[in-house]
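Subject: Structure for your files

Hello,

Please find the structure below. My notes come after it.

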Amino acid sequence: MKITRIETIPVSVPLKPGLSTKTAGGQHVVSPYVMIRVHTDEDLVGLGEATLAPRWSGETSPGCVAAIEGLIAPQLIGRDPTAVADLTGRMNRAIRFNPFTKAAVEMALWDLAGKAAGVPVYRLLGGKVRDELPMKMVVGAFEVSEAVELARRFLEWGARCLKVKVGLDADQDIARVRAVRQLAGADIPIGIDANQGWDLATARRSLARLEDCDLLFAEQPVPIDDPEDMARLRRDTRVPLMADESVFTLTDARRLTGLGAADVLSVYPGKHGGLAATREIVQVGRAAGIVSSMGSNLELGVATAAMLHVGAAEQGIDSERYPGDFLGPLYHETDLLIEPLELGPAMARVPEGPGLGVELDEEQLERYRDTSGQAAPLGGGA
């Protein structure tokens, strides 16, 4: 089997009314992503999704299309798509950085490899270590009353874990978290995510003030400029610290674990450039005695499916203790799939079909196809 062409399809999918997210990086109301199809001479097609956010990784929809068509595709066309490691190396030599773009191509290669073998991707990754994947829902950094109503909506849906965005104004952040805790009661785990919005002093004070809220974790409370700030904060708080923006690469993971700067690593294929790279980072964490949790950039259906396969197969991703962000499709007007994924919102299940186990809905794909050539601004990061 040989790759014959790589098709790029820019899309622009709005979030559902009332489900936009707000973080220290901005507000996310529409997703300008790129779907890709890797075509082969045996009529098998692999699916991928580039979950792009300029403020998150520096990638845009037009940039993704240009990188794939001008640099990546020429290195892959005519080659065996099941040689995932070799083709990933060729991508990395063709262009630096651009993790979400590379991840889209790499997940399409895994999709093809699974389809060619007639098995789900998780089988290629060693098989399932869990049948169900606990997940959480995210409450944006809105005014307290709005945040409470959104949390109430999620709990009524059946959510059993929540993450509350903070990092804008410390007093409002604390009021928001306290209000959601009061609504949820003591039995619902709640974490917070500052998206780098607090400086070290603010993070110290805020986590101390929130001690009575029994936080499950505090995600990226401080900026990534000085990794030692996370280590300093970790020494000063009992709240487990989760690293997200500070862990894009294997080098990042080695640095943070070496510093003892995190209790949890937030991982997902888009951020790391693919499924294989995600597993490498998880293993670095495991070697240091640090678990991982599946993060998110508010993916649509294809990329969420890729996350589910990794989450189902990787022992070091501890969704039981730190439920994952398998949530992107629930926030969007469409996931672009014929059959929706099984997403709780308390538990998620990995698709069982060959490859990623999902197929694109052509009607929805055409409806949300983006022909503008422009990338909308995004806050990034679920």
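Predicted model: local features only at pLDDT ≥ 70, side-chain atom pairs only at ≥ 80, totals over all residues.

Residues are numbered from 1 along each chain as its sequence is written, and side-chain values use heavy atoms, with hydrogens and water left out.

Overall

The protein has 15 helices and 15 strands (DSSP runs numbered from the N terminus: H or I of at least four residues for helices, E of at least two for strands). Along the principal axes, the C-alpha atoms fill a box of roughly 60 × 45 × 40 Å.

Of the 382 residues, 60% count as buried (under 20% relative accessible area, with exposed over 50% and partly exposed in between; 1.4 Å probe, protein chains only). Among contacts (heavy atoms within 4.5 Å) between residues at least 6 apart in sequence, 76% join residues at least 24 apart.

The sheet

Seven strands form an open sheet with parallel pairing, in the order S7-S8-S9-S10-S11-S12-S13 (two strands pair if DSSP finds at least two bridges between them). S7 (137–139) and S13 (291–294) stand at the edges with a single partner strand each, so one side of each has no neighbour in the sheet.

Strand S8 (residues 162–165) pairs with S9 in the parallel sense over four bridges, and leucine 162 stands opposite isoleucine 190 in S9. From strand S9 (residues 190–193), Ile190 and Ile192 point one way and Gly191 and Asp193 the other, and all are buried. S10 (residues 218–219) and S11 (residues 241–243) are also paired in the parallel sense, over two bridges; alanine 218 has leucine 241 in S11 as its bridge partner.

Threonine 278

Threonine 278 lies in helix H12 (residues 275–287). This threonine counts as buried because its relative accessibility is 0%. Not counting residues up to four places away in sequence, threonine 278 touches Val267, Tyr268, Pro269, His272 and Val310. The C-alpha atoms of threonine 278 and glutamate 314 are separated by 9.8 Å, with the two residues 36 apart along the chain.

Regards
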